Amino acid sequence: MPRLLMCPPDHYALRYEINAWMHLENQPDLALARHQWQRLYEQVRQLAQVELVSPAPECPDMVFTANAGLVVREGEVLLSRFRHAERRVEEPHFRRWFEEHGYIVHIMPDDCPFEGEGDILRAGERYLGGYRKRTQICAHRVASEYLGHEVLSLELVDDRWYHLDTALFVLDERTVVYYPGAFDSYARRVIEEHFDTLHVVEEEAMHFACNSVVIGQTVLMPEGCPLITALIERRGYRVIPIPMSEFIKSGGACKCLAMFLE
């Protein structure tokens with residue numbers, strides 16, 4: 001079974017504004033957020049093995065474990081180097097978890113921001129990498145050396161889609177689902193030339209349709225995305241809608257809340 005890393009939302013909160021979704025006057029309902037996280041967790045547990053990292057009080061966004069790092073080889077992880085100081089406090093907590101679980105931890109250069117699986121996604125023998133908003137393109141070169149595979153660099157041009165996994169997900173090694181408006185024209189051409197594609201309309205992108213978790217033939221997708229759901233189901237996949245309203249207030253949803261460990 002696949003293994004994923006999640007973090008309980010014990011200390012989840014909206015305490016600062018570091019992306020276009022965060023507004024201090026629009027606070028999440030924390031009880032509802034816990035209920036939504038639990039629903040996602042239970043669905044993931046039916047499909048995969050889930051490891052949990054203990055949340056830290058000073059890390060309200062630690063719940064978004066996809067940003068912890070990127071597994072580059074069996075038992076080896078490239079730790080994130082967060083762009084914003086508000087999230088750098090998470091780095092030692094994630095590093096400790098990986099080391100305690102037997103991982104060799106690789107570190108990015110200090111001047112090369114990198115936000116893990118939020119910005120690099122596997123697609124068969126290739127990897128797709130987002131850059132400009134949080135991760136810098138220098139991180140793609142470093143990651144490619146550890147991975148031993150090509151990373152296709154894709155520029156994100158809309159502040160709402162600050163991580164690759166908010167604007168694109170890999171359905172299978174030949175197919176990606178994405179919102180074209182998040183990318184520059186060159187990135188769109190690269191995506192279309194290398195993959196079969198399913199396009200997400202802006203309204204459903206705003207519901208974080210692209211921030212979905214794919215495990216086998218099941219897609220765990222934020223609710224409110226009927227158009228892209230229908231297209232995916234025609235490909236033979238089962239789509240399970242998950243309420244994610246309270247995490248979207250911080251700029252995250254299903255995929256942000258889970259990191260693949262293999």
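Colleague: Let's start with Y41: does Y41 count as buried or exposed?

Modeller: Keep in mind that this is a predicted model. Y41 counts as buried, at 12% relative accessibility.

Colleague: And which ring does Y41 pair with?

Modeller: With W37: the two rings are stacked, 5.0 Å centre to centre and with 10 degrees between the planes. Both residues sit in helix α1 (residues 30-47), four residues apart, or about one turn of the helix. W37 is buried too, with a relative accessible area of 3%.

Colleague: How are the rings of F64 and F247 arranged?

Modeller: Their planes are at 85 degrees and their centres 6.1 Å apart, so that pair is edge-to-face. F64 is in the loop between β2 (49-52) and β3 (69-73), while F247 is in helix α8 (residues 245-248), so the pair ties together parts 183 residues apart in sequence. Both F64 and F247 are buried.

Colleague: Switching to cysteines, how many disulfides are there?

Modeller: There is one disulfide. C112 and C138 form it, with their sulfur atoms 2.2 Å apart. The link is right-handed, with 125 degrees about the S-S bond.

Colleague: Which parts does the pair tie together?

Modeller: C112 lies in the loop between β5 (104-107) and β6 (120-123), and C138 in helix α4 (residues 137-147), so the pair ties together parts 26 residues apart in sequence.

Terms used. Residues numbered from 1 in each chain as written. Predicted model: local features only at pLDDT ≥ 70, side-chain atom pairs only at ≥ 80, totals over all residues. Heavy atoms only, no water. Disulfide = S-S within 2.5 Å. Helix = DSSP H or I, 4+ residues; strand = E, 2+ residues; numbered from the N terminus. Phe/Tyr/Trp six-rings, centres within 6.5 Å; stacked < 30°, edge-to-face > 60°. Buried < 20%, exposed > 50% of the residue type's maximum accessible area, 1.4 Å probe, protein only.
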